[in-house]
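Work through the exercises below with the model open. Try each task before reading its solution.

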Amino acid sequence: MLRIREGCYQFMIQDAFRRFPNEACGILAGKDGLARTFFAMKNTDESPLSYLMDPKEQFHVMKHIREGNEEMLAIYHSHVASPAYPSSKDVQLAFYPDVYYVLISLQDRSRPVAKAYRIQEGHVREEPFKVIPEESR
Ligand SMILES: [Zn+2]
C-alpha cells in the first residue's frame with residue numbers, strides 16, 4: 001500500500017491550490033512504499049483540463065531521485081473541476097504500470113479529495129493509501 005508522509009501530502013495539496021485554475025502535477029518519491037519527497041513539476045499544457053510533464057525536467061528529477069537512493073512511487077496531478085478519477089487522456093498517458101497515480105480534485109475547493117490508482121494496460125484500479133504522521137515510522 002502507498003503511504004505518504006504528512007508533510008509531503010500537505011505540500012501536494014498546497015501545490016494543487018497554488019496552481020489553480022490550471023492542473024498541477026508532480027512526482028512523489030521515497031523508499032519501501034513510503035513517499036516522503038515531493039517534486040512539483042511544470043505542467044507544459046498550462047491547462048485546466050490536462051497536464052503534461054516536461055520530459056527534460058522529468059529526466060532531471062528522476063536522476064536526482066536515484067542519486068538520493070529513492071524511487072519514483074507516485075505521479076500526482078490535480079483536477080480543478082472534475083472528480084479525482086483519471087480521464088481517458090490520463091489513462092492513455094499512464095506509462096508507468098508500477099507507480100501510483102494520485103489524483104487531487106479541487107471540484108469542491110473547501111474539501112479537496114485525494115485518491116490513488118494503479119493504471120495498467122488501460123485498466124484503472126483504485127488503491128487505498130495512508131497519510132503517515134511525521135513523527136511515526
Ligand atoms: Zn487528469
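**Exercise 1. The largest pocket**

Next, the pocket itself. On a 1 Å grid over the protein atoms alone, a pocket is an open set of points where a 1.4 Å probe fits, with protein on both sides within 12 Å along at least five of seven lines; a lining residue has an atom within 4 Å of a point. Lining the largest pocket are 13 residues, and L52, M53, Q58, L93 and F95 lie nearest its centre. Two elements, α2 (55-67) and α3 (88-92), each give two or more residues to this lining. Helices (H or I, at least four residues) and strands (E, at least two) are DSSP runs, numbered from the N terminus.

Last, the volume. Grid points are joined across faces, edges and corners, and the volume is the space filled by probe spheres set on the points. For the largest pocket this is about 270 Å³.

A note on the source: this is a predicted model, in which local features need pLDDT of at least 70 and side-chain atom pairs count only at pLDDT 80 or more, while totals for chains, interfaces and linings use all residues. Residues are numbered from 1 along each chain as its sequence is written, and side-chain values use heavy atoms, with hydrogens and water left out.

**Exercise 2. The largest nonpolar core**

Task: Find which residues have the most contacts inside the largest nonpolar core, and which elements supply it.

Solution. Buried means under 20% relative accessible area, exposed over 50%, partly exposed in between (1.4 Å probe, protein chains only). A nonpolar core is a set of buried Ala, Val, Leu, Ile, Met, Phe, Trp, Tyr and Cys residues joined through side-chain atoms within 4.5 Å.

The largest core has 20 residues, and L2, I4, M12, L28, Y76, V102 and I104 have the most contacts inside it. Two or more residues each come from β1 (2-5), α1 (6-19), β3 (34-41), β4 (71-79), β5 (100-105) and β6 (113-120). Helix α1 gives the largest share, five residues. Apart from this core lies another, of 19 residues, including Y51, I75, A94 and Y101.

**Exercise 3. Cysteines**

Task: How many disulfides does the model hold?

Solution. A disulfide is a pair of cysteine sulfur atoms within 2.5 Å. The count comes to zero. C8 is in no disulfide; its nearest cysteine sulfur, that of C25, is 15 Å away. C8 counts as buried, at 3% relative accessibility.

**Exercise 4. Backbone and loops**

Task: Where are the cis peptide bond and the residues with positive phi?

Solution. Check omega. The bond joining F20 and P21 is cis, with omega about 10°. P21 is in the loop between α1 and β2 (25-31).

Then check phi. E46, not a glycine, has a positive phi of about 40°. E46 lies in the loop between β3 and α2 and counts as exposed, at 56% relative accessibility. N69, also not a glycine, has a positive phi of about 60°. The loop between α2 and β4 holds N69, which counts as exposed at 56%.
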